[in-house]
Amino acid sequence: MGQRHQLFVIARIIGRYRQLAAIHHQWLYGHTALRRCRDILNIFGNKTNRIPLPQELIAASQKDDDFWLAAHDDRHKNEHVPFPFIMTCLVTGASFNLDGYYHNVLVEPFYMAYDEGDNNNGITVFDITEPANPRYCFVDFMGMESERGVDLNTPLSARTYLEAYYELNDATNDEVGLLPLVESFQNRSLITEEALAETWPDGAWEHQSPTDVDSTDPPELGGLDIAEKPKSLRNQAMDQFLDLLLDPSEQDVHTLMTETDHLNDFVPNLRRRLYIQGPTLEPSATNIGLLQKALEGVATVDLSPFKLWSAEHLSAVLSQLRTGVDGVKVLNMSNMPDLTEAELAAIMKLEDGKATPHLNTIVILETPKISLDFVAKHFGKYDVYHSELFRRALYLPHQSRYGAPPPPVLQFIAPDNTSQLVWVGISTAQSWDKKYRLEDGRFDWNTLKFSPHAGWGFRRDPNLTYMTLMLDIPLPMAKTI
């Protein structure tokens, strides 16, 4: 029963499209499917998510070929949600909206095939190769339970999908705002048939209808042009100057730097070059000084590319930046598998109480040696992006037997200290009774009283079942809503 629909996230990873997340929605079709699609596009494209999303794409690029070859006879391989922030965005947008919409969703294995779910109303696919410009499409692969048929196995636009269910010019449909809804997709790019075929090569994909063809080119390799445009003489000269500046044998860097005072584009070009060379750049007093120069006045500091630098080197960079007038507000230390808790404490000067005063957000996705206990102890005043915080909120009760450990026992969450994890936890359960809502549709946290026991908190009555992590630290909340 139901109007079954699945939603998928894909991206181009190291030259080919890969599937990153999948969920099942039991009641999603027509204009509701478009509204959920629009919300998810807004979440993926939100500027506050432009740090964590690329970090998980980087993590995906570091997976070996065996990771992507999920055997169908081993249904629970990789079911631990390998890209939890991407899944959080997908679940959040598909399951509720602050306008009062709510429906539970089911987290599926990330590698579930596009036609493997129980389906009668098509699928929605999101391409986040370029997080700032996510693409979408709907697909009917078997014949939807709609008023009118559409082309099978081909990318469908919002208008084409909606017209399968409604007559858009029918005045009786005006009350649900179908035309404004369609117009909200006007500047959204459509996923191509080639991208779908590359993601699911076993599908019988058809070319797009002329009315659904997107005139913009599909993203390539994370949005980078394969053939670079010819550089101007000025840009060529800047590249040569940066080559000289970053040459380890160069002895007169100080004299070279005095020549940059009148170059307005020197600092952004220096920053770009340092990040390109970051993974192989050797630490030195000169390079530390150059990175400090490149990051002066920058609110969001990403130290993750500098894999060869020790905690002492990175701390030297951050110590200079933290003394600025505004200071560092966001620090990214993601995708650093060898970074230890002691090193992170040294980088942030946690022990001597000199942590960056303006810092409000720390991103430590896919940094496995940094534990949740350490996060809870030291980062209570920050918004924290930590893979396990998101991943553990996405376990369903029946999945606990597959090895999901309980979260650390922290103080119980209070009604005035909600988090993204609470919303995700609710969205995996069932909640229909209006007595738990405020007039504007939001949950009334004062009616949701948590059972005080370790790990997961549960509350059950005939109309409400939910679970949440018991955390008293502020986590990314409205940033994905």
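The model is predicted. Its chain holds 16 helices and 12 strands. Of the 481 residues in the chain, 54% are buried. Among contacts between residues at least 6 apart in sequence, 70% join residues at least 24 apart.

**Cysteines**

- A disulfide is a covalent bond between the sulfur atoms of two cysteines.
- With a pair of cysteine sulfur atoms counted as a disulfide within 2.5 Å, the number of disulfides in the model is zero.
- Cys37 takes part in no disulfide, and the cysteine sulfur nearest to Cys37 belongs to Cys137, 8.8 Å away.
- Cys37 has a relative accessibility of 0% and therefore counts as buried, the cut-off for that class being under 20% relative accessible area.
- Cys89 is likewise buried, because its relative accessible area is 0%.

**Helices H8 and H10**

- Two packed helices are described by the angle between their axes and the distance between the axes.
- Helix H8 spans residues 233-245 and helix H10 spans residues 266-277; their axes come within 11 Å and cross at roughly 60°.
- The crossing of H8 with H10 is right-handed.
- On the H8 side, the contact is formed by Met238, Asp239, Phe241, Leu242, Asp243 and Leu245.
- On the H10 side, the contributing residues are Phe266, Asn269, Leu270, Arg272 and Arg273.
- By class, the residues of this contact comprise six nonpolar, one polar and four charged.

- Lys329 is located in the loop that lies between helix H12 (311-321) and strand E7 (330-332).
- The relative accessible area of Lys329 is 32%, so this residue is classed as partly exposed, a class that lies between the limits of 20% for buried and 50% for exposed.
- Ala299 is 30 residues from Lys329 in sequence, yet the C-alpha atoms of the two residues are 5.1 Å apart in space.
- When neighbours within four places in sequence are left aside, Lys329 is in contact with Ala299, His358, Leu359, Asn360 and Thr361.

Definitions and conventions. Residues are numbered from 1 along each chain as its sequence is written. This is a predicted model: local features need pLDDT of at least 70, side-chain atom pairs count only at pLDDT 80 or more; totals for chains, interfaces and linings use all residues. Side-chain values use heavy atoms; hydrogens and water are left out. Buried means under 20% relative accessible area, exposed over 50%, partly exposed in between (1.4 Å probe, protein chains only). Axes are lines fitted to C-alpha atoms, for helices over the stretch in contact, and angles run from 0 to 180 degrees between N-to-C directions. Helices (H or I, at least four residues) and strands (E, at least two) are DSSP runs, numbered from the N terminus. A crossing is left-handed if the near helix is turned anticlockwise from the far one by less than a right angle, and right-handed if clockwise. Contact means heavy atoms within 4.5 Å. Ala, Val, Leu, Ile, Met, Phe, Trp, Tyr, Cys and Pro count as nonpolar, Asp, Glu, Lys and Arg as charged, and the others, Gly among them, as polar.
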